[in-house]
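Biologist: I would like to learn how to read the features of a protein model, one at a time. Could you take me through them, with the general idea before each case?

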Amino acid sequence: MRKLLFTWAMICLVWAAIAQTRKVSGVVLDQSDGTPLAGVNVQVKGTSLGTSTDTNGRFVMDVPGASNTLIISFVGFATQEVPIPESNFVTVNLVPSASELEEVVIAVGSRGPQRTITDTPLPVDNLNIRDLVSTGQITFDKTLQYRVPSFNTVNTPVNDATSLFDPYEIRNLGPSRTLILINGKRKNLTALVYTQTSPGRGETGADLTAIPIDAIKRVEILRDGASAQYGSDAIAGVMNVILKDRYEGTSVSVNTLSTLKYGGFGYGVNYNSGASFGSRGFVNYHASFQHQELTNRKDKIDPARDFADLTDGSLNAQNGVNAFLARYPDGLNKNGTPENTTARFLINSVIPMNDNTEVYGNAAYVYRKTNSFANYRQPYWRIDQGLLHKRIPGAPDYTGDDYTGGPNGAAVQAAFAADKAAGLYEGYIGYQPTFDGDLTDYNATLGLRSANLGGWKQDISLTVGGNKMLFTVENTVNRAMVKNSPIAFKPGGFAFNHLVGNIDFSRPVAEKFFVAIGSEFRSENWELIPGDTASYYSEGANSFPGFRESNAIKANRFNLGAYVDLTWDITESFLIGGTFRSELYSDFGTANVYKVVSRYKIADKLTLRGSVSTGFRAPTLHQKYLSLTQASFVGGDIVNTGLANNLSREARLLGVPRLKAERANNLALGLGFNPNNNISFTVDYYNIRIRDRIIYSNEVTDNINGVPIELISFFINAAETKTSGIDVVLSYRNLSLGAGKVAANLAGNYTIRNELVGGWEKLNSDFGYDIFNQTQESLLTTSRPKYKFILGLDYTLGKFNINLNNTLFGWTEFNNADLDENLKLRFKPKVVTDLSVAYNITSKLNASLTIQNILNVFPEYEILAENPAGEAILADPAQVRDQINNITFNGRYPVVTYDGSHFSQLGTMFQLQLNYKF
């Protein structure tokens with residue numbers, strides 16, 4: 001009984017201590033000019049208690065007696081934790097976040113001593129979570145499209161496996177040449193090789209859409225070659241995604257979005273929480289769900305051209321085309337983005353072991369399902385008429401070779417026409433194959449950091465990651481199987497995983513002289529997963545044939561690398577540094593690269609910087625082992641047609657050498673000017689030369705020593721490219737406008753040169769076969785904007801924050817595969833304007849409305865002549881119309897064509913988001 005009474009007394013005492021409150025008041029000011037800030041969030045740390053400042057920047061609130069710290073946060077300013085003094089009155093001077101970013105320690109680009117963005121010798125973009133969220137985009141890659149001028153990505157108009165991966169690139173060099181890091185550790189590649197005839201052809205890269213936006217603290221983008229520091233892939237630059245760390249409260253956000261005209265309604269939920277412990281320990285975790293329905297432009301088809309291309313040319317067929325397209329002008333085709341459902345989970349943590357040692361780790365898992373569509377098979381497509389699964393029960397079967405051109409073809413087609421006239425096929429409106437993709441992506445790192453090893457700092461970590469894609473094709477048939485064909489298929493898929501071990505040591509060995517050494521081991525595995533037999537038998541599933549058992553493969557390789565990095569601050573103003581790295585790969589040998597950097601500061605306002613480096617990119621396992629061949633009879637011989645892998649008999653006969661590493665030379669020169677805390681200006685020149693660049697070839701046909709080679713394509717080190725350009729960033733902060741503050745930012749990228757040395761003709765001449773053409777050269781060199789500038793205006797007034805963003809997309813050029821060789825297609829420069837308005841309803845609840853492309857601007861192209869023959873075509877309206885039909889599939893894809901464009905074809909989109917912080 002006494003123990004019970006004692007326990008009860010202690011509970012009462014603790015409750016009394018907690019329940020006791022005191023009045024705490026204060027004022028919050030803008031540090032830059034001392035003006036009061038209204039609408040600032042003031043929260044008692046460790047509780048859900050909070051308030052906001054009034055129009056004079058003042059606040060008053062009841063604070064529990066056991067609480068001693070306030071968290072002060074406001075859009076556009078750095079969050080501060082403020083101890084409560086004995087006087088119970090606090091004065092807080094908030095630092096504008098744009099200014100604070102200049103003092104953020106940059107983790108990417110050097111193994112030497114940590115530096116701020118104004119002190120680094122390399123060009124680095126630093127984006128915080130607010131920069132990303134204000135775009136209104138729901139995937140990480142698309143937020144970068146409207147925040148980073150040198151970064152480009154766009155959805156393709158026709159989706160199958162590519163619905164799971166939109167290629168992106170920095171400085172027009174493809175996704176394979178930008179290294180992606182999560183908290184400084186290498187992220188796994190996607191399992192897919194992009195094989196469409198559109199930008200990114202033949203490439204692979206990390207899946208940026210797998211990274212949840214709300215889990216990001218900031219993003220660092222190093223715009224310089226960094227193979228010496230990080231190894232393969234870092235030719236164009238390095239993107240380091242820094243995850244949220246210290247716990248600052250639990251938050252839940254919900255969003256909904258839609259296009260103005262083309263559907264695509266979506267909704268999502270994001271949850272972020274965690275805990276902090278000790279002075280450095282934390283766990284932060286994120287869970288989210290996002291669903292978006294398909295978008296569909298419903299563009300009109302040209303009946304005359306469809307009649308000419310897709311029917312037998314009879315009068316009945318012409319009447320059928322006209323009647324069907326009069327009823328369905330878009331032919332029931334789907335042109336837009338696919339239906340998409342994504343679930344993400346991520347956790348990030350640091351556990352201090354003592355004052356000098358900590359264990360850290362992070363892990364992420366993503367599941368995504370997409371549902372996209374192939375071209376709709378209208379009922380007048382002669383090759384698809386009479387398909388068994390779409391006819392009325394009891395109707396005769398008119399499928400197979402006889403119908404499509406066999407010896408009895410005329411009689412079979414006549415019988416089909418009679419049965420159709422008799423009403424046996426009444427109501428048949430064709431069919432549209434669907435393509436479902438199931439993707440899983442994961443990555444995890446566990447590491448130990450210590451600063452107490454004989455004066456050396458050490459960082460030891462193990463990283464795993466993987467990506468798997470499995471495909472399903474439905475609502476279609478394998479015509480060769482006739483009535484035995486299923487209408488759903490499992491075509492197979494791809495899988496990739498890697499294991500990465502890192503060990504890094506660093507220390508100052510003399511005053512202002514720093515050395516870092518380290519090593520990396522990496523093991524990679526890639527697999528082509530075969531489909532079910534029906535999916536690849538004979539011609540395979542209509543729209544997406546499966547992967548043959550004979551092409552299935554599991555491939556592996558490992559590599560070991562080591563580096564040494566030296567940095568010397570000769571004076572407070574003058575810095576030089578150098579890095580050397582050597583790597584050994586199990587499949588192609590060694591790569592040795594270096595980098596030299598320097599920076600000179602004049603009166604702390606003007607900074608000159610530059611670097612010279614060599615780099616490399618190892619061929620991916622995907623490029624080396626992907627095989628999409630199909631056996632067929634040619635002249636009595638069994639011949640493989642399609643994509644042959646680098647180790648195949650066909651590749652050897654054609655003289656295709658084993659794939660080796662691409663080699664690069666980078667030169668960068670830059671200037672930074674900071675006249676005061678509110679103005680900054682940087683300009684950086686880059687020049688990148690890549691030799692032995694890997695390309696995905698055209699199909700080649702030959703007969704070598706009696707062995708027929710029929711329509712074989714392959715990957716080969718065949719290209720040399722030169723890329724140069726200028727990046728510009730101008731920022732002006734804390735401009736007064738009425739009672740609010742404006743921050744203005746202008747960032748731009750201009751490509752001076754991006755060319756294939758000698759052109760596609762020289763490449764063919766060097767190899768001896770026509771392995772490249774105008775279409776592929778334009779995809780490699782001119783399919784991304786010639787220039788891109790982003791002007792952002794950010795206005796903060798009380799509880800409101802308004803962001804106006806204008807993105808100028810420069811022209812892009814394509815030599816489309818179906819366009820006459822004497823013509824080219826150019827997309828005109830366009831400005832896309834986005835508006836975001838955020839309002840702090842209370843200290844806990846925030847709402848924002850983002851209107852993307854508020855002026856409803858669409859890509860617009862023109863067809864240009866390459867020579868007099870092209871001018872003659874353009875002078876004839878009928879021929880011009882034919883050319884437009886060629887590149888848009890008779891009007892099905894009139895805005896972006898089959899090959900793609902420079903921004904979205906969906907026009908205005910709306911997103912509404914509510915965020916509640918507990």
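Biologist: Is Glu813 buried or exposed, and what is its relative accessible area?

Modeller: A residue is called buried when its relative accessible area is under 20%, exposed when that area is over 50%, and partly exposed in between, with a 1.4 Å probe and protein chains only. Glu813 is buried because its relative accessible area is 10%, while Arg826, with 22%, is partly exposed. Please keep in mind that this is a predicted model, in which local features need pLDDT of at least 70 and side-chain atom pairs count only at pLDDT 80 or more, whereas totals for chains, interfaces and linings use all residues. Residues are numbered from 1 along each chain as its sequence is written, and side-chain values use heavy atoms, with hydrogens and water left out.

Biologist: In what kind of contact do the side chains of Glu813 and Arg826 meet?

Modeller: They meet in a salt bridge, with 2.4 Å from N to O; the term stands for a side-chain nitrogen of Lys or Arg within 4 Å of a carboxyl oxygen of Asp or Glu. Strands (E, at least two residues) and helices (H or I, at least four) are DSSP runs, numbered from the N terminus.

Biologist: How many salt bridges are found in the whole structure?

Modeller: The search finds 46. In one of them the side chains of Arg609 and Asp684 meet at 2.9 Å, N to O, and this pair links distant parts of the chain, with Arg609 in strand S29 (residues 606-617) and Asp684 in strand S33, 75 residues apart. Arg609 counts as buried because its relative accessibility is 12%, and Asp684 counts as buried at 4%. Another salt bridge joins the side chains of Glu650 and Arg649 at 3.8 Å, N to O; here Glu650 is buried at 6% relative accessibility, but Arg649 is partly exposed, with a relative accessible area of 47%.

Biologist: How should I read strands that pair, and which way do S24 and S25 run?

Modeller: Strands of a sheet pair through backbone hydrogen bonds, either parallel or antiparallel. Two strands are said to pair if DSSP finds at least two bridges between them. Strand S24 (residues 488-510) and strand S25 (residues 513-529) run antiparallel and are joined by 17 bridges, with Phe494 standing opposite Leu528 in S25. Their hairpin has 2 residues between the strands, and Lys512 takes a positive phi near 70 degrees there. S25 also pairs with S26 in the antiparallel sense, over 16 bridges, and Asn525 stands opposite Asn556 in S26.

Biologist: What is the order of the strands in the open sheet of 5 strands?

Modeller: The order is S10-S15-S16-S13-S14, and the pairing is mixed. Strand S10 (124-128) and strand S14 (185-186) stand at the edges with a single partner strand each, so one side of each is left without a neighbour in the sheet. Within this sheet, strand S15 (residues 216-222) and strand S16 (residues 237-243) run antiparallel and are joined by 6 bridges, with Leu222 opposite Val238 in S16.

Biologist: Which residues have the most contacts inside the largest nonpolar core?

Modeller: A nonpolar core is a set of buried Ala, Val, Leu, Ile, Met, Phe, Trp, Tyr and Cys residues joined through side-chain atoms within 4.5 Å. The largest one has 58 residues, and those with the most contacts inside it are Phe140, Leu144, Leu208, Met239, Phe471 and Phe494. Strand S33 (residues 679-696) gives the most to this core, with 5 residues. A second, separate core of 19 residues includes Ala651, Val656, Ile695 and Phe767.

Biologist: Why is helix H14 described as largely enclosed by the rest of the structure?

Modeller: Helix H14 (residues 774-781) is described in that way because 7 of its 8 residues are buried, among them Leu779 and Leu780. The buried residues of H14 pack against several elements, including S33, helix H13 (759-767) and S40.

Key: Contact = heavy atoms within 4.5 Å.
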